[in-house]
Each structure stands twice: as C-alpha cells, then as structure tokens.
Amino acid sequence: MNSCEEFQKLISVCLDEPLTTEQQNKLDEHLTRCVDCRTFQESALNLRGLIRSLPFQSMAPPLRRPSPWWRRKIALPFPAVAAGILLLAISWLTHLSPTQFERVDSNIEPFIIIEQIDIIKLESVSAVKLTNEN
Amino acid sequence: MEIVDLQDWQDFCHGDNSAMERLYDRHSPALFSFCLYLCGDRTKSEDIVQDSFMSLIAQREGNKISRSVRSWLFVTARNLVYNLSRRVSHQSLDSLSEDHLATNSNPDINLIIDRIFSSLPPDERELLLLREHQGFSVSDIAEMLDITKENVRIRLYRIRKRIQEKERTLK
C-alpha cells in the first residue's frame, strides 16, 4: 500500500467499518505526513456531518375520512325546528281520517258519532236538493 | 431496534393490529425522509410511505419477511420511488425540486446539501442517504441493494472522492 489513492480508499472504509490494527497503524502513520489524504479525510467527515444534520421530515397529518351522513350532526336554528314541528302538527290534525278520529276520541260514544255523521249526511243531501231545484 | 421490530411483526402476524401502528410510528418519519431526499417530491413520498406499509401488511399472510422489517421497508420504498418515476410521465430522479431541503435551519447548509445531492446520480444519492443519513451498515446496504460489500465500499469511496473534488473546484 503505497499510493495516496489506496490510502484514501482505506480512509473511506475506515468511516464505515473498523480496520485491522495493522491497517489503522499504516493509515495513521501516512496521515501524519500527507496533506492530500488529510484533506480527503476532512472532506469525507464534513460530508457525513452535513448529511447527518438533515432533519427527519414529518409527513402531513392523515386526512380524516368524512363521517357518513347519518352520523353527522346537523345544526339547525331552534325557530326553524319549532316552526317545522308546528307545521307537521297542523298538517297531521287537518288530515285525520274518520278511523283515526275514532281512535283518538275513543271516549266518545259510538252512537253520538253516528248521529253526527247522519246530521252531516242530511245537511249534504238537502244542499244537493236545493242546488238541483235551483 | 431489530428485536423490537421482530417482536412487533410477530405480534401483528398473530392478530395484534396495534403492533403495526407501533411499527408505523417508529419507521414512517425516517422512511418519508429517505423518499423525500431521494425524489424531492413531498406528495409522492407520502404516497410511497403509505404504499410501503400497505405492502408490509400484505405480507402478514404466511409471515413473508425474509430480512429485518426496517430493511424490508426501505427496499420496498426505494423500488416504489424508482417505479413511480419511471411510470409517471417518465420523470427522472436526476432533477430534484428546489425546495426539498428547505426545512433545514441553516440556509447555507441547505445550499451546500442541495448542491451535493444535485451533483449525484440517483443511485449514488440513495447510497449516501442509506449510509450517512439512515445509518445502515455496509452489509445491510449490500443485502438491500443486492450487491457485494466490496461494491458498496468502492461506490462510497467514489462518492466521497467526487464530492471532495467538487468542493475543490468551488474553492
């Protein structure tokens, strides 16, 4: 081992793996009298320092998958909700069928209902007659 | 680290999904940095890290990891970087984006490192990163890149020599 190239290869190896005692002694001895090889060693160590100074970069936080629509919280203003409930209640009351009426007013005696229906029928029949006469 | 990794990997193979979370937390920053410094594209690097871990999860069936988990992840990520740059618009890895190292606190160091990385072909940049940034040993690198240890030593010497000569010309 005589040339500077061989010693510089050894310097490079020395940065990555331990040398044998004999190799290390030869290298140390050569470095005391060779400026070029010392410069190479310095440069390689600087390069190592530079690359090791690079920080570990952090990734962007993972995007959260949007929750399905049935799990989303819906923020509605209270007046709108109240108005909606009121409208639903009104429409429900105005569209009650007779059977539903019976079910709701179960305390009313059946014959009273029949009487009421009969009155309504009589009134409608008389109204039809009147229109026919006119 | 390898023993902890191996334990987590075994736990994951036996159904403990939290072991994969531990592996991800332990290795994703280094893996992401490696990809970013190699290809210079943040979004691409994030995708590659995710894909690497997805590939690792796919190895669960039959417990098919032949080397250390860390080496396996780096080899997978490295292959994905090369495949992606070949596939997507034939983009070359020779050119790095200008701001990929902008997070280093010292702008002068950023400039020097940018200059160093830009002067190296991708395979040499990769070797330098694996050795000097990630701290893989010569034997690890030889196994990962499927080359001999002597080849790794020679290539590292050439990189160091080339950078020294570049420094000399800049002075």
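User: How many helices and strands does chain B have?

Analyst: Helices (H or I, at least four residues) and strands (E, at least two) are DSSP runs, numbered from the N terminus. Chain B has eight helices and zero strands, so its elements read α-α-α-α-α-α-α-α from the N terminus on. This is a predicted model, in which local features need pLDDT of at least 70 and side-chain atom pairs count only at pLDDT 80 or more, while totals for chains, interfaces and linings use all residues. Residues are numbered from 1 along each chain as its sequence is written, and chains are lettered from A and ligands numbered from 1 in the order in which they are written.

User: What is the secondary structure of chain A?

Analyst: Chain A comes to six helices and zero strands, in the pattern α-α-α-α-α-α along the sequence.

User: What pLDDT does each chain average?

Analyst: pLDDT is the predictor's confidence in each residue, from 0 to 100. Chain B averages 85, with 85% of the residues scoring at least 70. Chain A averages 78, and 57% of its residues score at least 70. For the model as a whole, ipTM is 0.82 and pTM is 0.69.

User: Which elements have the lowest and the highest mean pLDDT?

Analyst: Where pLDDT is low, the predicted coordinates should not be read in detail. In chain B the lowest is helix α5 (residues 107–119), at 77, and the highest is helix α7 (residues 138–145), at 94.

User: How many residues does each chain put into the contact?

Analyst: Two residues are in contact if their C-beta atoms, placed from the backbone, lie within 7 Å. Here 22 residues come from chain A and 27 residues from chain B. On the chain A side, α1 (4–16) and α3 (35–52) each supply at least two residues, and α3(A) gives the most, with eight residues.

User: What classes do the residues on the chain A side divide into?

Analyst: Ala, Val, Leu, Ile, Met, Phe, Trp, Tyr, Cys and Pro count as nonpolar, Asp, Glu, Lys and Arg as charged, and the others, Gly among them, as polar. The side of chain A that touches chain B has 11 nonpolar, six polar and five charged residues.

User: At what angle do α2(B) and α6(B) pack?

Analyst: Two packed helices are described by the angle between their axes and the distance between the axes. Helix α2 (residues 17–39) and helix α6 (residues 122–133) of chain B pack at about 150 degrees, with their axes 10 Å apart. Axes are lines fitted to C-alpha atoms, for helices over the stretch in contact, and angles run from 0 to 180 degrees between N-to-C directions. The pair is therefore roughly antiparallel (angles over 145 degrees; under 35 is roughly parallel, 65 to 115 roughly perpendicular and the rest oblique). B:Phe34, B:Tyr37 and B:Leu38 in α2(B) meet B:Pro122, B:Arg125, B:Glu126, B:Leu129 and B:His133 in α6(B). By class, this contact has five nonpolar, one polar and two charged residues.

User: Is B:Leu127 buried or exposed?

Analyst: A residue is buried if 20 or more other C-beta atoms, placed from the backbone, lie within 10 Å of its own, exposed if 12 or fewer, and partly exposed in between. B:Leu127, in helix α6 of chain B, is buried because 21 other C-beta atoms lie within 10 Å. Not counting residues up to four places away in sequence, B:Leu127 touches B:Ile141, B:Arg155, B:Leu156 and B:Ile159. B:Leu127 and B:Ile141 are 14 residues apart in sequence and 7.8 Å apart in space, C-alpha to C-alpha.

User: What share of each chain is buried?

Analyst: Buried residues make up 32% of the 171 residues in chain B and 9% of the 134 residues in chain A.
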